[in-house]
Amino acid sequence: METERVTEHEKPAASSTTEPAQPGAAAQVPGGPQGTPAAPRTHDAVPAEGPVPGARAAEEAGAGGTAPNGGPGAAGSGGQDGGERAERERRGGDRLRFVGAATRRIARGVDLDETVLGLCRASVPAYSDAILVYLRDPLPVGDERPTGPFVLRLRRSDRIPEGPLAAPTAAALSDLVPPVIPGQEFAGGDPVAAPGLGGGAAELTEVRPGGPLAEVLRGVRPVFADSPAAGTALPELLGPGRDIPEGNRAILAPLRGRRRVIGAAVFLRRPERPAFEHEDLLIAAQLATHTALGVDKAVLYGREAYIADELQRTMLPDELPQPTGVQLASRYLPAAETARVGGDWYDAIPLPGSRVALVVGDVMGHSMTSAAIMGQLRTTAQTLAGLDLPPQEVLHHLDEQAQRLGSDRMATCMYAVYDPVAHRIIVANAGHPPPVMLHRSGRAEVLRIPAGAPIGVGGVDFEAVELDAPAGATLLLYTDGLVESRQRDVWTGIEHLREKLSATARLTRPGAAAPLEPLCDEVLDILGPGDRDDDIALLAARFDGIAPSDVAYWYLDPRAQTARQARRLARRALSRWGLEELTDSVELLVSEVVTNAVRYAERPITLRLLRTDTLRCEVGDDVPQLPRLRQARATDEGGRGLYLVNRLARRWGATRLSTGKVVWFELALS
């Protein structure tokens with residue numbers, strides 16, 4: 001856990017707006033002589049309802065000065081019992097108003113830093129001149145049982161800066177709570193030493209079991225530093241050799257959460273300021289209780305946020321594949337910091353024949369449930385893609401899966417399959433916003449894809465459309481969070497997206513495609529302030545394609561002579577491409593794979609060679625059983641073909657198709 005910097009307030013300046021004064025004490029200049037009117041702080045005032053604590057009493061006190069105990073309005077009252085009773089009631093009301101305002105400020109914090117900062121700003125200077133907040137390191141979460149020693153780390157400290165009226169006796173307090181140079185950063189959880197400044201309170205304190213500090217923390221109730229219980233506990237907490245203000249000017253308040261003690265707060269007053277009273281122990285107890293509960297809440301919130309981040313991260317691809325003939329880029333943005341998980345997802349799945357499936361979907365809602373359903377649908381889509389089903393069939397099976405998950409599981413999805421050899425793309429839609437294609441010429445068009453019904457409706461058919469995918473064109477698949485918000489409807493947003501793409505393309509030189517990663521950033525710039533009503537998934541695909549001159553394709557009858565024919569065809573293709581150095585390896589591997597296909601096939605087999613950054617060979621047949629690599633025994637006559645492929649090829653694999661299977665391997669181009 002990282003320790004925050006000590007914060008020094010700006011020097012108070014005169015203002016007509018004051019904040020709650022010290023409960024039970026006259027409004028004074030912090031660190032000034034007793035009875036001097038207070039100069040209110042100019043920032044971070046604790047809000048209070050009704051009269052500001054101490055302000056009304058200070059007006060009544062007027063030139064009469066303050067009471068010996070520093071209480072507001074303790075001007076000479078002639079010793080009348082009625083005046084003393086009214087004064088006590090007034091001071092009690094001021095305390096209640098201060099506690100109410102302070103606890104509201106503490107409760108406003110969502111994370112750990114905001115909660116601790118709320119305590120510091122509420123306490124200084126209205127209640128104390130300085131404060132040190134220690135929290136357990138590490139902080140236990142929920143019902144977790146802490147392991148290891150009980151260590152307290154100084155999380156934050158705050159104090160009033162010394163003004164021109166500060167007394168020399170305030171030096172001890174300054175040593176405990178030193179200021180920090182503006183811009184001084186923290187690294188690794190420890191503060192960087194500020195040059196020229198003395199050391200402050202101890203950064204880390206290990207609480208000895210059965211020691212005085214452990215006993216005070218176990219007692220839960222705040223205690224004065226002068227009390228026998230805290231006499232040795234504070235030096236153990238703050239470190240040896242620290243001067244602690246005397247005369248009830250220091251309070252040690254344990255911070256107990258819902259299960260256990262999680263820290264401690266030390267409230268300090270300067271010697272020239274009136275000492276704490278016994279009623280101030282009740283205020284310290286209230287501040288400590290609300291702070292501890294706020295810290296518990298912040299720790300639980302942090303754990304939930306961590307779980308949400310990890311869930312969302314694992315549901316989306318760690319990195320996109322790099323299939324042949326297409327470039328890919330993606331972006332994901334959550335709806336807001338308070339809604340870190342959602343149902344939007346994207347995926348790119350390599351398919352046989354150098355094809356790639358592009359998927360973008362959006363599950364209804366922004367919750368853990370939506371993210372979990374999204375994960376199940378994404379896994380289902382990957383499995384269906386591995387079976388090489390047509391896009392409309394994939395959406396049909398996703399629809400059935402969503403209905404099995406529940407009657408209210410709704411989602412939209414766009415599923416497209418790009419073939420870099422044919423320069424074609426097949427797209428099916430299930431209620432998703434239409435994709436936008438940016439051509440190399442700079443023209444952006446919204447593709448006309450039948451909308452279809454959302455996944456989970458049931459009983460509907462999905463229609464696939466086949467379109468041209470020219471080289472240099474960019475296809476953008478996205479979720480509705482990019483184009484729809486409270487300020488605009490979805491079709492207005494789609495038109496805005498199309499115009500943004502056209503404007504971005506005009507910034508590049510004619511005939512050149514815009515770089516893909518910067519293009520994604522430009523697309524996200526269409527979001528204005530307040531437009532993030534939904535999470536956003538964006539998948540961009542730049543179609544490079546594979547030139548026909550880099551493709552060799554043959555149909556071969558399953559005969560005994562087919563392997564020899566395949567070797568001859570492969571040798572000719574390599575010679576045409578100037579890759580004669582790969583001839584021996586390719587002929588050997590092609591012969592092994594084709595021989596295995598001919599042995600079981602009943603229909604013509606296919607042989608295809610692709611030259612890109614690698615040399616890829618694909619052999620397809622009508623037998624769905626996939627070959628398995630196995631270790632042949634010394635007496636076996638066969639079974640060594642795939643072993644040779646595994647040793648000589650850079651990569652190889654086998655994929656089942658709806659009409660059979662494809663076995664492929666790749667060799668590096670020297």
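Where does V220 lie? V220 lies in the loop between α5 (212-219) and β7 (223-224), and we'll come back to that loop below. This is a predicted model, where local features need pLDDT of at least 70 and side-chain atom pairs count only at pLDDT 80 or more, while totals for chains, interfaces and linings use all residues. Residues are numbered from 1 along each chain as its sequence is written, and side-chain values use heavy atoms, with hydrogens and water left out.

**The whole chain**

- The protein chain has 14 helices and 24 strands; these are DSSP runs numbered from the N terminus, with helices being H or I of at least four residues and strands being E of at least two.
- Of its 670 residues, 51% count as buried. Here buried means under 20% relative accessible area, exposed means over 50%, and partly exposed is in between (1.4 Å probe, protein chains only).
- Take the contacts in the chain with a separation of 6 or more: 71% of them come from residues 24 or more positions apart. A contact means heavy atoms within 4.5 Å.
- Accessible areas come from the Shrake-Rupley method with a 1.4 Å probe, and for residues only the protein chains shown count as cover.

**A five-stranded sheet**

- Five strands make an open sheet in the order β10-β19-β18-β15-β16, and the pairing is antiparallel. Two strands pair if DSSP finds at least two bridges between them.
- At the edges sit β10 (326-333) and β16 (444-446), each of which pairs on one side only.
- From one strand to the next, the twist averages 20°. Axes are lines fitted to C-alpha atoms, for helices over the stretch in contact, and angles run from 0 to 180 degrees between N-to-C directions.
- Strands of a sheet pair through backbone hydrogen bonds, either parallel or antiparallel.
- β10 and β19 (residues 536-543) run antiparallel, with eight bridges joining them; R331 has L538 as its bridge partner in β19.
- Even though β10 is an edge strand, six of its eight residues are buried.
- Three bridges link the antiparallel strands β15 (residues 436-438) and β18 (residues 474-478), and L438 is partnered with T474 in β18.
- Helix α10 (residues 490-506) lies across β15, β16 and β18, running at about 160° to β16.

**A nonpolar surface patch**

- Y306, I307 and M368 form a nonpolar patch on the surface, with about 280 Å² of accessible area together.
- Patches are made of residues with over 30% relative accessible area and no salt bridge, joining like charges within 9 Å and nonpolar side chains (Val, Leu, Ile, Met, Phe, Trp, Tyr) within 5 Å. A salt bridge is a side-chain nitrogen of Lys or Arg within 4 Å of a carboxyl oxygen of Asp or Glu.
- M368 belongs to helix α8 (residues 368-386) and is partly exposed, at 31% relative accessible area.

- The V124 to P125 peptide bond is cis, with omega near 0°, and P125 lies in the loop between α3 (112-123) and β2 (130-136).
- D137 to P138 is also a cis peptide bond, with omega near 0°; the loop between β2 and β3 (151-159) is where P138 lies.
- Back to V220: its phi is near 70°, a positive value in a residue other than glycine, and V220 is partly exposed at 32% relative accessible area.
- H423 isn't a glycine either, but has a positive phi of about 55°. H423 sits in the loop between β13 (411-419) and β14 (424-430) and counts as partly exposed, at 22% relative accessibility.
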